[in-house]
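These are my notebook entries on a structure that is new to me. I record what I looked up, in the order in which I looked.

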Amino acid sequence: MANLRRRTSSPRQCLPSGALRVRGGPTRHRRPQAGTGTRPGGTGWPSPWGPSRATMPIPVPVGVLRLPRGPDGCSRGFSPASLRFQALLGGDTVAAQGARAALRQRYLRGLAAARGRPTRFCLRAGVQVDAVFGAADVEAVAFQVDALRTPLGVQAAALLRCADVLAYSFLLD
């Protein structure tokens with residue numbers, strides 16, 4: 001008879017599960033040892049889930065550590081000396097507020113100047129697209145553009161997510 005057993009790199013791979021090859025002798029099957037448990041069907045073979053569930057110890061309950069309430073009353077666990085706490089108390093100085101207001105005003109004036117002008121957008125992964133700038137929403141989530149020229153073709157109108165735009169530029173007259 002022809003040998004139908006597949007050749008493998010290790011002789012153990014050819015054996016059925018649970019079989020033990022003894023050097024110089026025939027293959028014998030293992031029998032379960034005491035305390036190893038059995039499969040749910042009660043076949044007498046060792047369980048792949050380990051010892052019987054009846055012999056497993058019962059877990060001990062652990063106490064829960066409760067952190068003190070934060071300054072807003074519903075959160076827990078941060079220090080009153082932290083920057084987050086200072087921001088909640090209104091720790092911003094008048095100078096910092098004035099600087100933020102000036103930057104926002106310059107940004108909005110830049111958006112107004114870009115309206116209707118050809119603009120180049122640099123996107124993630126090094127993609128550059130050209131379009132006519134239309135508008136930006138209040139939350140700075142998307143730019144509305146017309147005549148968007150991409151490597152795949154031209155779109156009459158599109159929305160570009162601000163999170164995908166790294167930079168944009170346009171010429172001033």
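This is a predicted model: local features need pLDDT of at least 70, side-chain atom pairs count only at pLDDT 80 or more; totals for chains, interfaces and linings use all residues.

**Entry 1: a strand pair.** I began with β3 and β4, which run antiparallel and are joined by 5 bridges. I counted two strands as paired if DSSP finds at least two bridges between them. Helices (H or I, at least four residues) and strands (E, at least two) are DSSP runs, numbered from the N terminus. I then looked for the bridge partner of arginine 120 and found aspartate 130, in β4.

**Entry 2: the basis of my notes.** Residues are numbered from 1 along each chain as its sequence is written, and side-chain values use heavy atoms, with hydrogens and water left out.

**Entry 3: the chain as a whole.** I noted 2 helices and 7 strands. Along the sequence they follow the pattern β-β-α-α-β-β-β-β-β. Of the 173 residues in the chain, 14% are buried. Here buried means under 20% relative accessible area, exposed means over 50%, and partly exposed lies in between (1.4 Å probe, protein chains only).

**Entry 4: the sheet.** In which order do the strands of the open sheet stand? I read the order β6-β5-β4-β3-β7, 5 strands with antiparallel pairing. β6 and β7 stand at the edges with a single partner strand each, so one side of each has no neighbour in the sheet. On average, neighbouring strands are turned by 35 degrees against each other, direction ignored. For such angles, axes are lines fitted to C-alpha atoms, for helices over the stretch in contact, and angles run from 0 to 180 degrees between N-to-C directions.

Entry 5: I examined helix α2, residues 94-114, which has 21 residues. Its first and last C-alpha lie 31 Å apart, close to the 30 Å expected at 1.5 Å a residue. The expected span is 1.5 Å times one less than the number of residues. Just after α2, glycine 116 takes a positive phi of about 80 degrees.

**Entry 6: salt bridges.** I took as a salt bridge a side-chain nitrogen of Lys or Arg within 4 Å of a carboxyl oxygen of Asp or Glu. By this rule I counted 4 salt bridges. I returned to aspartate 130 and arginine 120, which form one of them, with the closest N and O atoms 2.9 Å apart. Aspartate 130 lies in strand β4 (residues 128-136) and arginine 120 in strand β3 (residues 118-123), so this pair ties together parts that are 10 residues apart in sequence. Arginine 120 is partly exposed, with a relative accessible area of 38%.

Another salt bridge joins the side chains of aspartate 164 and arginine 124, at 3.9 Å from N to O. Aspartate 164 is in the loop between β6 (153-161) and β7 (165-170), and arginine 124 is in the loop between β3 and β4, so the pair ties together parts 40 residues apart in sequence. Aspartate 164 also forms a salt bridge with arginine 161, the closest N and O atoms being 2.6 Å apart. Aspartate 164 is partly exposed at 23% relative accessible area, whereas arginine 161 is exposed at 56%.

**Entry 7: aromatic rings.** Rings of Phe, Tyr and Trp (its six-membered ring) pair if their centres lie within 6.5 Å; planes under 30 degrees apart count as stacked, over 60 as edge-to-face and the rest as tilted. I found 6 aromatic pairs. Phenylalanine 133 and tyrosine 168 form a stacked pair, 6.1 Å centre to centre, with 20 degrees between the planes. The pair links strand β4, which holds phenylalanine 133, to strand β7, which holds tyrosine 168, 35 residues apart.

Phenylalanine 143 and tyrosine 168 pair edge-to-face, 5.3 Å centre to centre and with 65 degrees between the planes. Phenylalanine 143, in strand β5 (residues 142-150), is 25 residues from tyrosine 168 in strand β7. Phenylalanine 143 is buried, at 3% relative accessibility. Ring pairs link Phe121, Phe133, Phe143 and Tyr168 into a cluster.

**Entry 8: cysteines.** I looked for disulfides (pairs of cysteine sulfur atoms within 2.5 Å) and found 0. Cysteine 122 is partly exposed, at 25% relative accessible area, and cysteine 162 is buried, at 16%.
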